[in-house]
Amino acid sequence: ILATTELHKIPATILSRVQRFEFKSIRTQDITAHIHHILEKEHISSEPDAVEIIARRAEGGMRDALSILDQALSLTQGNELTTAISEEITGTISLSALDDYVAALSQQDVSKALDSLNLLFENGKSMTRFVTDLLQYLRDLLVVQTGGENTHHSPVFMDNLALSQESLFEMIRIATVSLADMKASLQPKIYAEMMTIRLAETKPEPVLSEAVESEISTLRQEVARLKQELANVGTAPKQVAPVPSRPATSKTVYRVDRNKVQAILQEAVENPELARQNLIRLQNAWGEVIESLAGPDKALLVGSQPVAANEHHAILAFESNFNAGQTMKRDNLNTMFGNILSQAAGFSPEILAISLEEWKEVRAAFSAKNKSSQADQEVEEESLIPEGFEFLADKVMVEED
């Protein structure tokens with residue numbers, strides 16, 4: 001029995017000889033329900049948030065949830081599991097502290113938000129754990145705003161629902177970046193304070209309605225027309241000194257090996273049925289390829305699409321030229337890609353990444369070149385017929401000697 005969480009690293013030769021059983025994480029709602037069932041059988045009451053905190057901390061594992069529950073019950077006095085005990089056992093930031101912190105941010109009260117942060121720090125709370133719980137809190141606000149289940153029971157949380165979705169998205173972005181900085185720093189509290197100041201100053205970009213945007217576009221066109229009319233007034237146009245252009249900064253741009261791409265296109269012209277079958281096999285397996293990848297590998301290929309393939313190469317077109325270049329730099333991605341396709345589609349090509357814009361250029365150039373060569377061949381055959389005898393063109397047969 002082989003157990004792994006990284007299926008894409010298993011060679012195709014092994015995957016083809018085993019039975020696969022995929023185990024999924026247990027839902028937080030199911031863990032919560034099971035904990036309530038246990039407490040009910042043990043005749044132990046609980047506060048609503050206490051069980052929710054333990055279920056979330058388990059992160060999909062029932063065994064972990066029961067272990068945390070057992071530790072929490074060992075600290076209870078009487079027959080009640082309180083929120084404070086659950087927070088103490090799991091190291092979770094108090095929900096009331098998060099309520100007050102986000103409320104201060106929504107009011108753009110920097111000093112109050114910093115006071116809440118300092119209180120948590122003085123109580124020995126981890127700053128990275130605080131930001132992790134903050135991200136979960138902001139996520140809960142978004143879920144409730146979009147009609148999801150509300151697992152919070154405080155009036156302050158209901159007040160914080162007044163935050164706009166644009167503000168919440170920006171807060172999540174800032175907190176995510178700050179969390180990465182904290183994990184790499186020896187002074188996480190400083191980064192937490194900087195994050196707090198940025199969050200308190202967050203202002204969503206004003207969203208213009210379609211009518212306003214249309215009006216602005218019309219005004220711009222009118223201004224451009226008036227400028228043109230003013231420029232035409234007068235007997236002679238004024239000589240305008242040319243403005244020296246700023247030198248373009250040198251920037252390395254990824255370019256695909258066009259010879260390989262043209263070779264694949266040439267194969268497709270010579271054997272269109274085989275080329276079509278290869279592409280169909282690749283497209284049918286594409287969903288499984290994406291799902292089998294994880295992390296940055298999956299993020300790179302999500303924005304791509306297979307456009308051509310032969311037995312040795314698969315051409316993937318990317319919206320972003322940068323992503324195409326990064327894909328070609330990842331040798332391990334090519335290996336995993338070949339293993340997955342070998343299992344899913346029956347052949348194991350290498351990735352040939354190209355930007356969508358360059359793919360259109362290469363394909364158009366190849367098509368034009370192909371048509372030109374066909375036209376030259378027809379002209380050469382027509383030139384063999386003497387002038388004035390063109391009516392015999394369909395009677396003439398050319399033989400190589």
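Hi everyone, this is a short walk through one protein chain, from its overall make-up to a few single residues. Please keep in mind that the model is predicted.

Let's start with the whole chain. It has 401 residues, and 33% of them are buried. The secondary structure comes to 18 helices and five strands. Looking at contacts between residues with a separation of 6 or more, 69% of them link residues 24 or more positions apart.

Now let's go inside. Which residues touch the most other members of the largest nonpolar core? They are Val261, Leu282, Trp286, Leu301, Ile315, Phe337 and Trp359, out of 36 residues in that core. Several elements give two or more residues to this core, including helix 13 (258-270), helix 14 (272-292), helix 17 (331-344) and helix 18 (356-383). Strands take part as well: strand 3 (304-309), strand 4 (313-318) and strand 5 (350-355) are on that list too.

You will find Asp140 in helix 8, which covers residues 127-145. Is Asp140 buried or exposed? Its relative accessibility is 4%, and the cut-off for buried is under 20%, so Asp140 counts as buried. The side chain of Asp140 makes a polar contact of 2.8 Å with the side chain of Arg56.

Leu2, Ile14 and Val18 make a nonpolar surface patch of about 280 Å². Val18 sits in the loop between helix 1 (12-15) and helix 2 (28-41), and it is partly exposed, at 44% relative accessible area.

Two other loop residues have a positive phi without being glycine. For His43, phi is near 60°. His43 belongs to the loop between helix 2 and strand 1 (45-46), and at 68% relative accessibility it counts as exposed. For Gln108, phi is about 55°. Gln108 is in the loop between helix 6 (95-106) and helix 7 (110-122), and with 38% relative accessibility it is partly exposed.

Terms used. Residues are numbered from 1 along each chain as its sequence is written. This is a predicted model: local features need pLDDT of at least 70, side-chain atom pairs count only at pLDDT 80 or more; totals for chains, interfaces and linings use all residues. Side-chain values use heavy atoms; hydrogens and water are left out. A nonpolar core is a set of buried Ala, Val, Leu, Ile, Met, Phe, Trp, Tyr and Cys residues joined through side-chain atoms within 4.5 Å. Buried means under 20% relative accessible area, exposed over 50%, partly exposed in between (1.4 Å probe, protein chains only). Helices (H or I, at least four residues) and strands (E, at least two) are DSSP runs, numbered from the N terminus. Contact means heavy atoms within 4.5 Å. A polar contact is a pair of N or O atoms within 3.5 Å; within protein, one must be able to donate a hydrogen and the other to accept it, and residues adjacent in sequence count only if both atoms are side-chain atoms. Patches are made of residues with over 30% relative accessible area and no salt bridge: like charges are joined within 9 Å, nonpolar side chains (Val, Leu, Ile, Met, Phe, Trp, Tyr) within 5 Å. Accessible areas come from the Shrake-Rupley method with a 1.4 Å probe; for residues, only the protein chains shown count as cover. A salt bridge is a side-chain nitrogen of Lys or Arg within 4 Å of a carboxyl oxygen of Asp or Glu.
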